Amino acid sequence: MAMSGPSGGAGRRRGRGGRRAPMADINVTPLVDVMLVLLIIFMITAPLLASAVPIDLPESRAKPVETEEQEPVQLSISADDTLYLGDQVVPEAELPARLDAIARENEGKDKPRQIMLRADKGLDYGRVMRIMGELNRAGLTRIALVTTGAEGEAPAEAAVTDGSDTGQ
C-alpha cells in the first residue's frame, strides 16, 4: 500500500485544485538593481572617455581629486602645440578672450570654475607655465593637472593633481 504525499499523488486529481498555477508576475527588482549599477558605471566612466583630444599624458602617483557638481573646463595642449578648449581648436591669440568669458560667466558664484589642464608630456615646461599664467591672469585659479597612473600600478586611469587655490 503506497501513501501519497501532500501534493495529492497520481490518484487524487480533481480539477485544478491539486496543481500550482504559473506565476504571471515579473519580478523587476533584479532588473532595477542591474540598471542602477550600470548607470553608476557609465556615470563614472563617461567623463574619462569625454576627452576627444588624444594627448600623451605624463605619469604620476597622485590620487584622483574629487570633482564638483559643476562640469570642469578641459584645456588641452597637444604634442604639436595646438590648444583645445573642450574639443574645439583655439588659436593662442584667442585664448585670453575665451578664458575671460569663462571667468565672467562664473563671476557671481562662490568658487571659480575648475580647469582641467591636459598637456602632452613632451611639451616644454615653459609652454605649460605660460598657459597656466594666462589662466591665473583671467582669474581661473582652480587648475587641476591631469596625468595617468604610474607604471607598475593598477591600470592607467586618469589621475588629477590639484595644486591650485593657494590663496594668493
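Me: Which residue takes a positive phi just after α3?
Reply: That residue is G139, with a phi of about 90 degrees just after α3. Helices (H or I, at least four residues) and strands (E, at least two) are DSSP runs, numbered from the N terminus. This is a predicted model, in which local features need pLDDT of at least 70 and side-chain atom pairs count only at pLDDT 80 or more, while totals for chains, interfaces and linings use all residues. Residues are numbered from 1 along each chain as its sequence is written, and side-chain values use heavy atoms, with hydrogens and water left out.

Me: And R127, where does that lie?
Reply: R127 lies in α3, the helix of residues 125-137.

Me: Why does R127 count as buried?
Reply: R127 counts as buried because its relative accessibility is 5%. Buried means under 20% relative accessible area, exposed over 50%, and partly exposed in between, with a 1.4 Å probe and protein chains only.

Me: What does R127 touch?
Reply: Leaving aside residues up to four places away in sequence, R127 touches D81, L83 and E92. Contact means heavy atoms within 4.5 Å.

Me: Which residues in α3 are buried?
Reply: R127, V128, I131, M132 and L135 are buried in α3. They cover an arc of only 135 degrees around the axis, so they are on the same side of α3. The arc is that of the directions from the helix axis to the C-beta atoms. An α-helix has 3.6 residues a turn, so residues three or four places apart point the same way.

Me: What covers the buried residues of α3?
Reply: The cover includes the strands β2 (73-77), β3 (83-85), β5 (115-119) and β6 (143-149), together with the helix α2 (95-105).

Me: How do the axes of α2 and α3 cross?
Reply: The two axes come within 9 Å and cross at roughly 40 degrees. That angle makes α2 oblique to α3. Axes are lines fitted to C-alpha atoms, for helices over the stretch in contact, and angles run from 0 to 180 degrees between N-to-C directions. Angles under 35 degrees count as roughly parallel, over 145 as roughly antiparallel, 65 to 115 as roughly perpendicular and the rest as oblique.

Me: Which residues make that contact?
Reply: On α2 they are L95, P96, L99 and D100, and on α3 they are I131, E134, L135 and R137.

Me: New topic: how many helices and strands does the protein have?
Reply: The protein has three helices and seven strands. Along the sequence they follow the pattern α-β-β-β-β-α-β-α-β-β. Of the 168 residues of the protein, 29% count as buried.
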